[in-house]
Amino acid sequence: MSTPMGMIEVKNFKKSFGSRLVHKDVNFYVRKGECLCLIGGSGVGKSVILRSLIGLEKPDSGEIFIDGVEITEMHERQLNEIRKKVAYVFQGGALFDSMTVYENLAYPLREHFNFSESEVKDRILTQLNEFGLPGSEHLYPSNLSGGMQKRVGLARAMMMSPDVVLYDEPTAGLDPYNTIKIQEHILRLKKQGKTSILVTHDMPTAFAVCDKMAFLLDGRIAAHGTIKDLEKEQHGIIQKFIAGEAS
Ligand SMILES: Nc1ncnc2c1ncn2[C@@H]1O[C@H](COP(=O)(O)OP(=O)(O)O)[C@@H](O)[C@H]1O
Ligand SMILES: [Mg+2]
């Protein structure tokens with residue numbers, strides 16, 4: 001087995017749902033501290049890849065390395081350790097509707113750590129401030145705007161101080177103001193050294209935050225490189241994406 005490239009590496013990833021072969025042979029890597037933007041049309045399998053990186057799905061074959069460790073054969077208990085290191089910011093935030101913002105943020109801490117209640121409170125209030133949400137702790141998700149819900153989702157994912165962050169369409173449906181806010185948070189977390197993968201159709205956000213792009217097309221990574229590399233791609237559909245004309 002060769003040495004994995006960087007913080008995340010996906011090798012020969014294959015996955016079908018019923019008779020539908022979604023991933024034929026997906027290969028890519030993300031170096032420590034880098035942000036990779038994973039782009040591609042609707043239904044090509046971007047979310048399935050992100051979910052697989054924290055063991056919520058398993059490929060039919062292939063390998064996934066997180067910080068040098070192969071995870072596809074891991075048990076739930078081992079995967080829980082991976083999930084402390086790798087945060088998944090779900091499409092739409094995936095907040096618990098019956099819990100306040102405070103309880104939503106407390107949940108991962110109580111699940112994984114043994115902090116005192118005052119420590120939990122300190123951490124939550126600090127986090128809400130960092131994500132521009134002071135004073136929102138007693139609100140329920142239904143009382144929040146879409147932009148705030150996404151920021152709470154991001155704040156909750158960061159409660160575990162992960163090394164890796166997976167963003168699934170974090171700006172989808174947001175107005176320009178909230179889109180910029182999310183970009184700022186992604187850049188701030190990147191400055192802290194976090195490795196990340198950003199799945200998005202929002203090309204201005206991709207250009208603003210990512211170091212590299214990988215283009216998923218027909219079950220394979222059709223192109224992988226810096227924005228400059230991808231701009232040289234002759235593939236019509238890739239050019240359309242880069243130009244923001246496809247989604
Ligand atoms: N749990 C599942 N059961 C059946 N099919 C699924 C499941 N999850 C994903 N798929 C299929 O896999 C394909 C890729 O899904 P997804 O990763 O959500 O696409 P993307 O995020 O790129 O839009 C879709 O065509 C979808 O129909
Ligand atoms: Mg998706």
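1. The largest pocket of this predicted model holds about 580 Å³ of space. A pocket here is an open set of points on a 1 Å grid over the protein atoms alone, where a 1.4 Å probe fits and protein lies on both sides within 12 Å along at least five of seven lines; the volume is the space filled by probe spheres set on the points, which are joined across faces, edges and corners. Of the 20 residues that line the largest pocket, the closest to its centre are Arg 83, Tyr 88, Phe 90, Pro 108 and His 112, and a residue counts as lining if an atom of that residue is within 4 Å of a point.

2. Residues are numbered from 1 along each chain as its sequence is written, and chains are lettered from A and ligands numbered from 1 in the order in which they are written. Because the model is predicted, local features need pLDDT of at least 70 and side-chain atom pairs count only at pLDDT 80 or more, while totals for chains, interfaces and linings use all residues, and side-chain values use heavy atoms, with hydrogens and water left out.

3. The lining of the largest pocket draws at least two residues from each of helix H2 (76–85), strand E6 (86–89), helix H3 (101–112) and helix H5 (146–158); helices (H or I, at least four residues) and strands (E, at least two) are DSSP runs numbered from the N terminus. In H3, the buried residues are Val 101, Tyr 102, Asn 104, Leu 105, Ala 106, Pro 108 and Leu 109, where buried means under 20% relative accessible area, exposed over 50% and partly exposed in between, with a 1.4 Å probe and protein chains only. These buried residues of H3 pack against helix H4 (117–130) and H5.

4. Helix H2 also contains Gln 78, which counts as partly exposed because its relative accessibility is 34%. Gln 78 and Glu 130 are 52 residues apart in sequence, and their C-alpha atoms are 30 Å apart in space.

5. A search of the whole structure finds two aromatic pairs, a pair being two rings of Phe, Tyr or Trp (its six-membered ring) whose centres lie within 6.5 Å, with planes under 30 degrees apart called stacked, over 60 edge-to-face and the rest tilted. Phe 113 and Phe 115 form a stacked pair, at 5.1 Å centre to centre and with 25 degrees between the planes. Phe 113 is partly exposed because its relative accessible area is 30%, and Phe 115 is partly exposed with a value of 26%.

6. Phe 113 also has a charged neighbour, for the charged end of Lys 84 sits over its ring, 5.5 Å from the centre. The term requires NZ of Lys or CZ of Arg to be within 6 Å of the ring centre and within 35 degrees of the ring normal. Arg 188 likewise lies over the face of Phe 131, at 4.9 Å from the ring centre.

7. The structure holds zero disulfides, a disulfide being a pair of cysteine sulfur atoms within 2.5 Å. For Cys 35, the nearest cysteine sulfur is that of Cys 210, 5.7 Å away, whereas for Cys 210 the nearest is that of Cys 37, at 4.9 Å. Cys 35 is buried, with a relative accessible area of 0%, and Cys 210 also counts as buried, at 8%.

8. Lys 212 is found in strand E9 (residues 212–217) and counts as buried because its relative accessible area is 18%. Leaving aside residues up to four places away in sequence, Lys 212 touches Glu 34, Cys 35, Leu 36, Cys 37, Gly 225 and Thr 226, where contact means heavy atoms within 4.5 Å. Lys 212 and His 224 are 12 residues apart in sequence and 7.2 Å apart in space, C-alpha to C-alpha.

9. Val 22 lies in strand E2 (residues 20–30) and is buried, at 10% relative accessibility. Although Val 22 and Arg 220 are 198 residues apart in sequence, their C-alpha atoms are 9.2 Å apart in space.

10. Asp 67, in the loop between strand E4 (61–66) and strand E5 (69–70), has a positive phi of about 50 degrees although it is not a glycine. Glu 169, in the loop between strand E7 (164–168) and helix H6 (176–191), has a positive phi near 45 degrees and is likewise not a glycine. Asp 67 is partly exposed at 40% relative accessible area, whereas Glu 169 counts as buried at 14%.
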